[in-house]
Amino acid sequence: MNLHELIKLKNMVLNGQDISYHDAIHLVESDLMDLREAANEIRKFYLKDSFDICSIINAKSGSCSEDCKFCAQSSHFNSSEDIYEFLEHKQIEDMAKHNAKKGVLRFSLVTSGKRLEQKDLNKAIKSYKKWSIKQYSQIFFVNNFIIY
Ligand code: SF4
C-alpha cells in the first residue's frame with residue numbers, strides 16, 4: 001500500500017469511518033514507519049495520552065495436557081512453574097483488592113488447560129457472582145470462554 005492510500009485510510013478512521021477488510025489486510029504492505037506514524041496519529045486523536053491498566057493472574061497453574069512448545073505449564077516439559085488447582089474465592093478477591101488499590105480497573109483470571117473442568121467453571125462463576133469482587137474492578141475469566 002502506498003503512502004497516498006495509507007493517508008486516505010487514516011483520514012477515514014479519523015473521520016469515524018470504517019475501513020474495509022480488504023484495505024485492512026493490505027496495510028501490511030505499507031512502509032513500517034508510515035504505518036507507525038498513521039497509527040500514532042489515530043491513537044492521539046482518539047485516546048490522547050491516557051491509558052487503562054489491566055492485570056491478569058494465573059488462577060490455575062500447571063499440569064496442562066497440551067504441549068504448546070512455549071508454555072511452562074505444559075506437563076510435557078520440565079519447568080519450575082508452580083502447580084496448583086483453581087484458586088479459592090478469597091484468594092481471587094484478595095488479588096482483586098490488591099490490584100484495585102494499584103489503580104488496575106480490569107482484572108482477569110487466566111487458567112492452564114485446554115478448557116475449564118465443570119468444577120472449576122462453577123468456582124469461576126461463583127467468584128464472579130460475588131459482588132465483593134465486582135466492586136473492586138471489572139473481572140474477566142479467560143480460558144476458552146470469557147464471562148463478564
Ligand atoms: S493450552 Fe495453555 S496452559 Fe496448556 S500448554 Fe498450551 S498455552 Fe500452556
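**Confidence and overall layout**

Select residues 143–148 next. Over this stretch pLDDT stays under 50, and the model has 10 contacts for it beyond four places in sequence. Where pLDDT is low, the predicted coordinates should not be read in detail.

Now switch to a cartoon of the whole chain. Six helices and four strands are present, and along the sequence they follow the pattern α-α-α-β-α-β-α-α-β-β. Of the 148 residues, 18% count as buried. Among contacts with a separation of 6 or more, 67% join residues 24 or more positions apart.

**Helices α1 and α3**

Select α1 (3–14) together with helix α3 (residues 32–47). How do the axes of α1 and α3 cross, and within what distance do they come? The crossing angle is roughly 10°, and the axes come within 10 Å. The two helices are therefore roughly parallel to each other, given that angles under 35 degrees count as such. To inspect the contact, show the side chains of L3, L6, K10, V13 and L14 in α1, which meet D34, L35, A38, E41, I42 and F45 in α3. The residues of this contact divide into eight nonpolar, no polar and three charged.

Move on to I19, in the loop between α1 and α2 (21–26). Beyond its neighbours within four places in sequence, I19 is in contact with L9, M12, V13 and A24. Draw a distance between the C-alpha atoms of I19 and L9: these residues are 10 apart along the chain, and the separation is 6.7 Å.

**Two residues with positive phi**

Centre the view on K48, in the loop between α3 and β1 (54–60). K48 is not a glycine, yet its phi is positive, at about 55°. With 8 C-beta neighbours inside 10 Å, K48 counts as exposed.

Then proceed to S63, in the loop between β1 and α4 (89–101). S63 likewise has a positive phi of about 55° without being a glycine. Its 14 C-beta neighbours inside 10 Å make S63 partly exposed.

With 15 other C-beta atoms within 10 Å, A72 is partly exposed. Apart from residues up to four places away in sequence, A72 touches S79 and E81. The C-alpha atoms of A72 and D82, which are 10 residues apart along the chain, are separated by 9.5 Å.

As the last stop, select the ligand. Which residues surround the ligand? The surrounding residues are C64, E66, C68, C71, Q73, S74, S112, G113 and K114. By class, this shell consists of three nonpolar, four polar and two charged residues.

Notes: Residues are numbered from 1 along each chain as its sequence is written. This is a predicted model: local features need pLDDT of at least 70, side-chain atom pairs count only at pLDDT 80 or more; totals for chains, interfaces and linings use all residues. A residue is buried if 20 or more other C-beta atoms lie within 10 Å of its own, exposed if 12 or fewer, and partly exposed in between; C-beta atoms are placed from the backbone. Two residues are in contact if their C-beta atoms, placed from the backbone, lie within 7 Å. A residue is near a molecule or strand if its C-beta atom, placed from the backbone, lies within 6 Å of it. Ala, Val, Leu, Ile, Met, Phe, Trp, Tyr, Cys and Pro count as nonpolar, Asp, Glu, Lys and Arg as charged, and the others, Gly among them, as polar. pLDDT is the predictor's confidence in each residue, from 0 to 100. Axes are lines fitted to C-alpha atoms, for helices over the stretch in contact, and angles run from 0 to 180 degrees between N-to-C directions. Angles under 35 degrees count as roughly parallel, over 145 as roughly antiparallel, 65 to 115 as roughly perpendicular and the rest as oblique.
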